[in-house]
Amino acid sequence: MKELINAMLGAAGLPPCEKHISVGLAKFAGATLEMAHKVFAPSVEPRMTRFLASQLATDHYYSIEAAKQDLDYQPALSFAEGIDRLKSHLESKHSDD
């Protein structure tokens, strides 16, 4: 996840994330923010939740090797090309503002 997040941050012109906290502390922060939002801002989604902490702490990687081998599948874009497109999109969106 760190590589993906830092690539997206870079595409947005933001510095990479170099610090981290434990999953337990992130879930505690998520629970605290969930409670605070429930009381003070029930219509607003908290920026951190226990679910988000769990998702960010879990690798979400799926191999496409079987699809390549069995179906001759080739991705339409490489990871680098996808990040380049994201950067172009963000730059064009920013220039429209």
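Predicted model: local features only at pLDDT ≥ 70, side-chain atom pairs only at ≥ 80, totals over all residues.

Student: Why is Ala11 called buried?

Tutor: A residue is buried under 20% relative accessible area, exposed over 50%, and partly exposed in between, with a 1.4 Å probe and protein chains only. Ala11 has 7% relative accessibility, so it counts as buried. Ala11 lies in helix 1, where a helix is a DSSP run of H or I with at least four residues, numbered from the N terminus.

Student: Which residues does Ala11 touch, not counting those up to four places away in sequence?

Tutor: Contact means heavy atoms within 4.5 Å. By that rule Ala11 touches Ile83, Leu86, Lys87 and Leu90. Ala11 and Leu90 are 79 residues apart along the chain, and their C-alpha atoms are separated by 7.6 Å.

Student: Which residues of helix 1 are buried, and how do you know that they line one face of the helix?

Tutor: The buried residues of helix 1 are Asn6, Ala7 and Ala11. Seen down the axis, they fall within an arc of 140°, and therefore they line one face of helix 1. The arc is taken from the directions that run from the helix axis to the C-beta atoms.

Student: Is Thr49 buried or exposed?

Tutor: Thr49 has a relative accessible area of 12%, so it is buried. Thr49 is placed in the loop between helix 2 and helix 3. Beyond residues up to four places away in sequence, Thr49 touches Gly30 and Glu34.

Student: What makes Glu34 and Arg50 a salt bridge?

Tutor: A salt bridge requires a side-chain nitrogen of Lys or Arg within 4 Å of a carboxyl oxygen of Asp or Glu. For Glu34 and Arg50 the N to O distance is 2.5 Å, and the pair is a salt bridge. The pair links distant parts of the chain, with Glu34 in helix 2 and Arg50 in helix 3, 16 residues apart. Arg50 is partly exposed, as its relative accessible area is 45%.

Student: How many salt bridges does the rule give?

Tutor: The count is two. Lys68 also forms one with Glu65, where the closest N and O atoms are 3.7 Å apart. Lys68 and Glu65 are three residues apart in helix 4 (residues 65-71), so about one helical turn separates them. Lys68 is partly exposed at 28%, and Glu65 is partly exposed at 47%.

Student: What makes the phi of Asp72 worth a remark?

Tutor: Most residues other than glycine have a negative phi. Asp72 is not a glycine, yet its phi is positive, at about 55°. Asp72 is found in the loop between helix 4 and helix 5 (79-96). With 64% relative accessibility, Asp72 counts as exposed.

Student: Why is Ala67 called partly exposed?

Tutor: The relative accessible area of Ala67 is 26%, so Ala67 is partly exposed. Ala67 lies in helix 4 and, neighbours within four places in sequence aside, is in contact with Asp72 and Tyr73.

Student: How do you know what counts as a pocket?

Tutor: On a 1 Å grid over the protein atoms alone, a pocket is an open set of points where a 1.4 Å probe fits, with protein on both sides within 12 Å along at least five of seven lines; lining residues have an atom within 4 Å of a point. The largest pocket holds about 410 Å³ of space, a volume being the space filled by probe spheres set on the points, which are joined across faces, edges and corners. Its lining has 16 residues, with Ile5, Cys17, Lys19, His20 and Leu56 nearest the centre.

Student: Which helix gives the largest share of the lining of the largest pocket?

Tutor: Helix 1 does, with three residues.

Methods. Residues numbered from 1 in each chain as written. Heavy atoms only, no water. Helix = DSSP H or I, 4+ residues; strand = E, 2+ residues; numbered from the N terminus.
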